[in-house]
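The following note concerns selected helix packing and aromatic contacts.

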Amino acid sequence: MPPHVPHAVSRLRTARLARSAKPFLARGGPRGERCPGCRLVPSHCLCGLRPGVPTAAGVCLLMADIEPLKPSNTGWLIADVVADTWAFGWARTQVDPALLALLRDPQWQPYVVFPGEFVEPARVVTQLRAASPAGTGGVAAPVRRPLFVLLDATWPEARKMFRKSPYLDALPVLSLQPEQLSRYRLRRSTRGDHFCTAEVAGLCLELAGEARAAQVLQAYLDVFTHHYLQAKHQLPPHWDGAEHAQLRAALAGCALPGDAPAGRPISPPDGPVPA
């Protein structure tokens, strides 16, 4: 197996650990050694399954302070699948210049993914922007690649991040409207319409016409969840189980069961218990 190449979330986690005054201990789950490539115990490692899928869309994760440290964080899975994934730590009093440069990059059209019910209606969109109409020269402006800005945090943290990040104020707010309920099982939520970060990214990719990447990401999330819970309960993973079969089907380009069309508004990317 080729050596693990750290992606954006992995690099952010390393930087965050370097600033820690004491080791980070996740609540619940197994203790001891974890694989640096997938954060699971070595016996349940998933590094050999990292399913990168080419996409035109990109993802920008704006992460609350300890999110990169949590083994259950699913922003990590997004970075495994989508090569154009960036991850930045959020702070109220400062902003990474690289984040500002990314949001200004003319090849990208950023969208802040957030519930429209909490935003001025003029900023809210439910579809991605098309190319600008042809001007006097008869040539339409080129379509900019969608960049989905996800606030990776608990719901109270996400609301604070949204309110106190003025550099996001000029960006359109993408309000998602799926019908299906969340399948995420690694953190508790009192509502089924609170989605984890990877699920939200999958919905965004689907909206951008990246159906295969969306299916792969959802199947990969299911495999990760299975391995994580099996390790937590000191049970071996089922390599021939339904989760792995779905991932193989998604990578082969086959449709997965249970896909649902868009419908009603949802809560923020992570609800009260984000990925």
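1. A residue counts as buried when its relative accessible area is under 20%. The model under discussion is predicted. At 8% relative accessibility, Tyr228 therefore counts as buried. Phe224, at 1% relative accessibility, also falls in the buried class.

2. A pair of aromatic rings is described by the distance of the centres and the angle of the planes. The count of aromatic pairs comes to seven. Among them, Phe224 and Tyr228 form a tilted pair, with 5.9 Å centre to centre and 45° between the planes.

3. Turning to helix packing, how do the axes of helix 5 and helix 6 cross? The axes of helix 5 (residues 197-207) and helix 6 (residues 211-232) come within 7 Å and cross at roughly 165°. Because angles over 145 degrees count as roughly antiparallel, helix 5 is roughly antiparallel to helix 6. The crossing of helix 5 past helix 6 is left-handed.

4. The contact can be listed by residue. On the helix 5 side, Ala198, Glu199, Ala201, Gly202, Leu205 and Glu206 take part. They meet Ala211, Ala213, Ala214, Leu217, Gln218 and Leu221 of helix 6. The residues of this contact divide into eight nonpolar, two polar and two charged.

Definitions and conventions:
Residues are numbered from 1 along each chain as its sequence is written. This is a predicted model: local features need pLDDT of at least 70, side-chain atom pairs count only at pLDDT 80 or more; totals for chains, interfaces and linings use all residues. Side-chain values use heavy atoms; hydrogens and water are left out. Axes are lines fitted to C-alpha atoms, for helices over the stretch in contact, and angles run from 0 to 180 degrees between N-to-C directions. Helices (H or I, at least four residues) and strands (E, at least two) are DSSP runs, numbered from the N terminus. Angles under 35 degrees count as roughly parallel, over 145 as roughly antiparallel, 65 to 115 as roughly perpendicular and the rest as oblique. A crossing is left-handed if the near helix is turned anticlockwise from the far one by less than a right angle, and right-handed if clockwise. Contact means heavy atoms within 4.5 Å. Ala, Val, Leu, Ile, Met, Phe, Trp, Tyr, Cys and Pro count as nonpolar, Asp, Glu, Lys and Arg as charged, and the others, Gly among them, as polar. Rings of Phe, Tyr and Trp (its six-membered ring) pair if their centres lie within 6.5 Å; planes under 30 degrees apart count as stacked, over 60 as edge-to-face and the rest as tilted. Buried means under 20% relative accessible area, exposed over 50%, partly exposed in between (1.4 Å probe, protein chains only).
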